[in-house]
Structure formats: structure tokens, C-alpha cells
Amino acid sequence: MKISENWLREWVNPPVSATALAEKLNMAGLECEAEPLSTDLPEGVVVARILSAAPHPQADRLRVCEVDAGGNQPLTIVCGAANARAGIMVPAALPGARLPGGKVIDKAVLRGVESSGMLCSAVELGLSDKGEGLLELDATASPGELLEKHLGLEDRLFNLELTPNRGDCLSVSGLAREVAALYSMPLKPPAIRPAVVSGLPGKDVIVEDAQGCPHYVGRVVAGLNPKARTPDWMRERLRRSGIRAIHPVVDITNYVLLELGQPMHGFDCAQLAGAVRVRRARAGEKLALLNEQTLSLVPADLVIADNSGPLVLAGVMGGTASGVTDTTTEIFLEAACFDPETVAASGRRHKVLSDSRHRFERGVDPALQRRALERATALVKQICGGEAGPVVEVGRAPQYAATIRLRHPRIERLLGCQIPALEVPELLARLGLETQAEAAGTWRVRVPTHRYDLRIEADLVEEVGRLYGYERIAPRAYAVSLTPFAAPETQLPIDSLRDSLVARGYQEVVTYSFVDPRLQAQLNPGVAAVNLDNPIAETMAAMRTSLWSGLVATWQYNRQRQQKRARLFECGACYAPADDGGTRETLRLGGLAAGNALPEQWGSKPERIVDYYDIKADLSALFGSALDRFAFERGSHPALHPGRCARILRDGNPAGWLGELHPRLVEPLDLSEPVILFELDADAARGVPLPAPAPIPEYPYSRRDLAFELPEAVTAEELVTVVRNAGGALLKTVLPFDLYRGPGLPEGFKSMALGLIFQEHSRTLNIQEVEAAVGDVTAAVLAKLGASVRG
């Protein structure tokens, strides 16, 4: 939000520069920057009245104007603007004047006619980015007056970036309250007196939803001059706050919005049918907004309607059907307080942004409506003429927002400094907070209605600290009592998993939780995603259901920049719709590997590309002491290669996936080499068994190597599991060490060799015990897998 310094100083004028004032506001928690109105203002441009405008004798598009620029004699200026006509006041750059950009005006001869200057548009003066024709000024302006003085261009702007809790400062009056409190100065608001009421009939107003609209006021103003023009002083103040002038009534409601912080709306009474109703929308109703957007309303939307249907999306934006026009002579002005949650929900649902919504969803003072209506009425009568009808009011404005108990010891404890108890009521009174002593060092504080953010004792302590001055609180060491956190022994810290992967050559990345829904549909098809109502971009329109979307996009980005090898991992949340309508969030660990298996160096062959088994080894190292609780089971994932994919199980339960990216995705994703992906449930990966002491073996072990001839369909995991279960307590280790396919084997069979290590800690095993255990193993493999021992 931008506010004119000159406008603010009409309300409160501390004896400091704009820069110092901005710094003071920053220290008080309101982010503010003072910036010049323009870095290149026009010089020597004056107000002039066009006395006559005749066609140029030698150019159809030019006009020869006689203008009064405040001199003794009229000047002749040739102009090409379509709106150049007798009687209007315009800016005139006389010879010697300088326009933004450094252009110096001099006399010139245009098609045989001498021109003593230039009549200017808003664009040529640097006052607007676009404009049509000459900048028309007030008819009451004085010819010869410098334009800088007439428009008040000697000004600066305060650019504020306010936190959502300080909606009370989204106006000149709100910011002036803060400045007055910080400098302990009186506030000088403009006098707002009730309008003299004529005999006009009032408009019936019915509020059907008092929770959505607790306070509503309105009045009819009739007899408006349809040819009225918004004065320059108001146009300039609106422009400096980023609002363009549209129509006097619209400009006045926008002006009151900026000045007092109350959004308003003006209806053309000729377009209203029956009573004005504040109600919830009905199914199937539509509303065409002023921004040319047509909404399909839902019953949760709060609208302002008449007998013909919805007219306004309450608190968000008005509709085209009842807006004022150039022929409007009678209006119904409204000012209301709407429920912030209702306004915010409607705005997000329909993706409509407006200054009104910005303020209502942060909270508008529920006691401000009557004052804003009287201010707008006075401005309408001043600019457009007319007479005011009686005020129609529904609901009551509260006297206070809250009553909070404040204790002096609590102030000292939270702020860490001693503030005299006598100063506390004085500091709070600057903000309009009323204090009543309950006991020594304890007060009951009444919060004014405009402070939505003050609800608990800590809020009041913060206000005391702000006004006392954070710079006055001396830094010191604080004694803090912290209870040590005892981490469970069966769960590794997430940082341990990160360290393990980094030790294996991986680099951690942090990607957005918002991903491209098209990429996500390719990598994790069939999984419902949480779609965003207001995405930053089309490529960030869904919450991720898998970490692969971010990892693949990261590898694409790096590969396009000549990176040939990658080992990436990420630990982050993934999201899915919950059964209760909310969102379910799970912490996952994912990784990607691409390029050569080893970094390029003299001792390895760089041409070997990373494969499934390389990453399986990395995961085995990651699982550490819990490796025996994990299994890699043949599986099928739509984004992974059918023959190079495994489901990861922990204690028989699904825990993740490992595999090579499916070939049908490699080309569409512009990847020329295989990409290996894995993803795990982080909680499953963190679980480890409790450490248990084991004696160092004192007796030798016995090893037997067996080669099994088994069908191709049998996996190594299945074979190892059967052997381990059949080997009994004496079998300590099973080591697969060879795989053979080729001559000497039946078709459809393979040979897999295992090393079996037997050992007993209390004695040396004899040959009979080892052979008996080997016999049990071979019998079990034959019975369960149809495999035999090769000779």
C-alpha cells in the first residue's frame, strides 16, 4: 500500500523527515519505505486555459489553440490531441520548460504555424503509464499557476508492506494513529459532521445473515449532477495510491477506503429492484463482476442482492448490473462490516482479488461504518451536489473489541526490562486503549474496535514494548530452563539418514512442494493430488504426492547445463487428500541417480552407467543394522521399468520403491540415459533395532558353498529366505556370490551360488552337525522352490 506523505501530514505532522518517520515505523513493526513521488518531475509546466481550438490549415489531425497561460497575451500552441477544445484547463509546457526524460521545450513551426510551447498529456508529464489526449484539470485552476503547485507534486510516498494482523493500518487514518502514538502527538482528523437529512424516502435493508454481516448502514443521495468531475486533488491522491479515477461516486468510495479503511459501494438507485438484502447465494445464481468476470455462486457465498438477484459479492467486488454510470442521478451508498472468514473464502473460491477483499479478510473496524458513510455523503454533496436521505442501519456497532487483563510482572518477564508501572497506562492510552486499575500492577484493558490483533495479554505486552521503544531495551543474557529431549533409541534422527547418503556421494536438494501436475501424473499416475486454488504458475499447480517430481525436474535442469552425473536426494513432505476432506501429510526420503556409476578418474572405467544394483547397495548401507528387516520384492510401478523395479518392504509391510525410470518416459522427459529412482517412508527408514551386546566368537566357523539349479522365476531374495529359515540357529550368514546362465543348464533355469557360514559361540561344530544343517537346507530348497544342488 502506498500513501502520500502530504496526506498523512494533514492528520499528524511529526517534526522529522520522511526517511526518519519510515525508520520509526519499521522499528515499531510496520515495514515501511519512504520513496520519491517521481525521480524526474516536469519543470516549468503551468496551468493554461484553451480559449479557442481551430483546425490546422495544413493538417487534418492538428488543431491551433489559443491559450491563456497567465501572461499578458494569449499564446498560440499547435496540438494534436483529440480532446483539445475551448474552455478546458490543461498543462502547458512553455518555451524553456523541461519534461521528464530531459526534453526541453522551445518554439517551433509546425506546418507553417508557429507554436509557443506544448500542451501535455499525463504520459508526457510522467504522471501515468497510459492516457488518451490532454490531461484535463479543474475548471477552477488558475492560468499561469505552476503544475507542481496545483497538483502538489512536491511529495513523497510511504510504501508499506504490512503483516496480515495489522489491517487497521491499511488507511491514512490507521497509519496516522500509529504515528501519533509513536511520537505522542495529537491526531488531527478531518471534521466529519452528520449530513442534513432531507425528506427523501429511505431504502429498505434486510440482513438475513447477521453472522456474515453484523453491521450494515446505507442511505440514498439524490439530485446528483451527472456531469460532475472528480477534482484534481482527489484524483492525485488516488493516483499516488495506485487507483485510477473512474467516476466521481466510485472515486469517492475509493477515497474513503484509503482515508478511513472502510470499503464502500455505490448503487445506482434506478437499477435497484425492491429491498436490499444481505444473504447467502442460492444454487445456480450467477453474478457478473466489475472486472468482467462472471461467477457461478455457491450457497457459502455472501451476497448483497435485490429482488432481481445478486448485485455484489459481499466484501469482494460489485457487479455490473447496479453500478453507477454517466447518467446516474440517485445513488444508494452502503458501508458494512463483513465476516473476515466468509470474505476470504469467497475471494479464494472465485479467485477474485480486490482492495476491498484485502481489507475485509484482515478485519475492518465494526464501528467505522456510520462515520465512513457520513464522510462519503459529505464528499458526494461537495462534488456532485444533491441531498441526503436518512441513514438505514441494521445491527449495532460494538463499543469495545475485547477486555484483557494485564499484569506488570508479566510485562517485565516477556520484555526482559523494567518499565515503570506508571508509564504503562500512558503508553496504552496513546493507542486508544482504556485502562482501569484492578490492583497494584494489574489493569483491565479495553481494546478499541479497530484492533483485531489484540486478544491476549501477550499482545498488550508487545504494544507496550513497541511504544516504549525496542531500541531502549538493553541486550542481556537470559537464563533459560530447557528440558533435555531424550531421543528414542529405536529411531534415528532424520539428519543421520542425510549424513549416510552424503557419505555415499549424494547431494541434498530442496524443491518446491508445488509441482507440475502433468509431470506428476507421469511419475505417479492414479494417485489423487491436492490441487491449488491460486497457483503461482501452471507448472506449480498441485501439491506433490511423490518426491520424484522435484528430483526429475532438478536433474533435467542440471543436465541442460552440461552436468553428466547426478546423485540427488531430498527429504520432505508429500501430500494427499484425506478422507475427512483435509490433507494428509507424510515425510518421505527420495533419491535419483543418473550418469556414470563412478566419478571420472584414472582408476575406473567411466563408461559404466549406474544401474539398479548400485542404488540397492546405497540403500542397504542406509538401512545399516536394520537391513535384515528390509526386503526387495519384485513389483510393478507405472513409472518404473517392468524388469528393473522392486517394492521395498519392512517387516513385510510396504515401505517404498526402487527402480529404473520407465523407457516410455525417458524420451518425453528429454533424458537420454537411464535414471534410477527410489523413495521411502522416512519413518520406516529411521527405525533401527536396539543395540544388543554379542560376544566375540572364540571358536572357528565352517563354510559350505552350494550352487543351486533353479527356475528363472525364482528370485535371489526368495532363495536366501528359504535357506536362512532352513539353516536353523547354526547358520549365521548367507552370501550370494555367483550367478550363471548358459550351457549346461536346462532351458528356463539358472544357477545361483551361495556361501553358508555356520558357527556356534560356545564350541567348535563337528562335521556331522554342519552336514545335517546343509541337508536341511537342500531339502527345503527342493521342496519349496523346485531347485536342486549342482554337482
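I take buried to mean under 20% relative accessible area, exposed over 50% and partly exposed in between, with a 1.4 Å probe and protein chains only. The model is a predicted one, in which local features need pLDDT of at least 70 and side-chain atom pairs count only at pLDDT 80 or more, while totals for chains, interfaces and linings use all residues. Residues are numbered from 1 along each chain as its sequence is written, and side-chain values use heavy atoms, with hydrogens and water left out.

**Entry 1, helix α2.** I looked up helix α2 (residues 18–27) and noted A18, L21, A22 and L25 as its buried residues. Seen down the axis of α2, these residues fall within an arc of 100 degrees, so they line one face of the helix; the arc is that of the directions from the helix axis to the C-beta atoms. I then asked what covers them, and found that the cover includes α1 (5–11), β2 (31–36), β10 (156–161) and α4 (172–183), contact meaning heavy atoms within 4.5 Å. Helices (H or I, at least four residues) and strands (E, at least two) are DSSP runs, numbered from the N terminus. After α2 comes G29, with a positive phi near 95 degrees.

I count angles under 35 degrees as roughly parallel, over 145 as roughly antiparallel, 65 to 115 as roughly perpendicular and the rest as oblique. On the α5 side the contact is made by W233, M234, R237 and L238, and on the α6 side by D251, I252, N254, Y255 and L258.

I next followed α6 to helix α9 (residues 369–384), where the two pack at an angle of about 140 degrees with their axes 10 Å apart, which makes α6 oblique to α9. From α6 the contact takes P248, I252, Y255, V256, E259 and L260, and from α9 R371, A372, R375, A376, L379, V380, I383 and C384.

I looked up Q562, which has a positive phi near 70 degrees although it is a residue other than glycine; Q562 lies in the loop between α15 (548–559) and β29 (566–577), and at 71% relative accessibility it counts as exposed. D670, also a residue other than glycine, has a positive phi near 60 degrees and is placed in the loop between α17 (663–666) and β34 (675–681). At 49% relative accessibility, D670 counts as partly exposed.

Notes. Axes fitted to C-alpha atoms, helices over the stretch in contact; angles between N-to-C directions.
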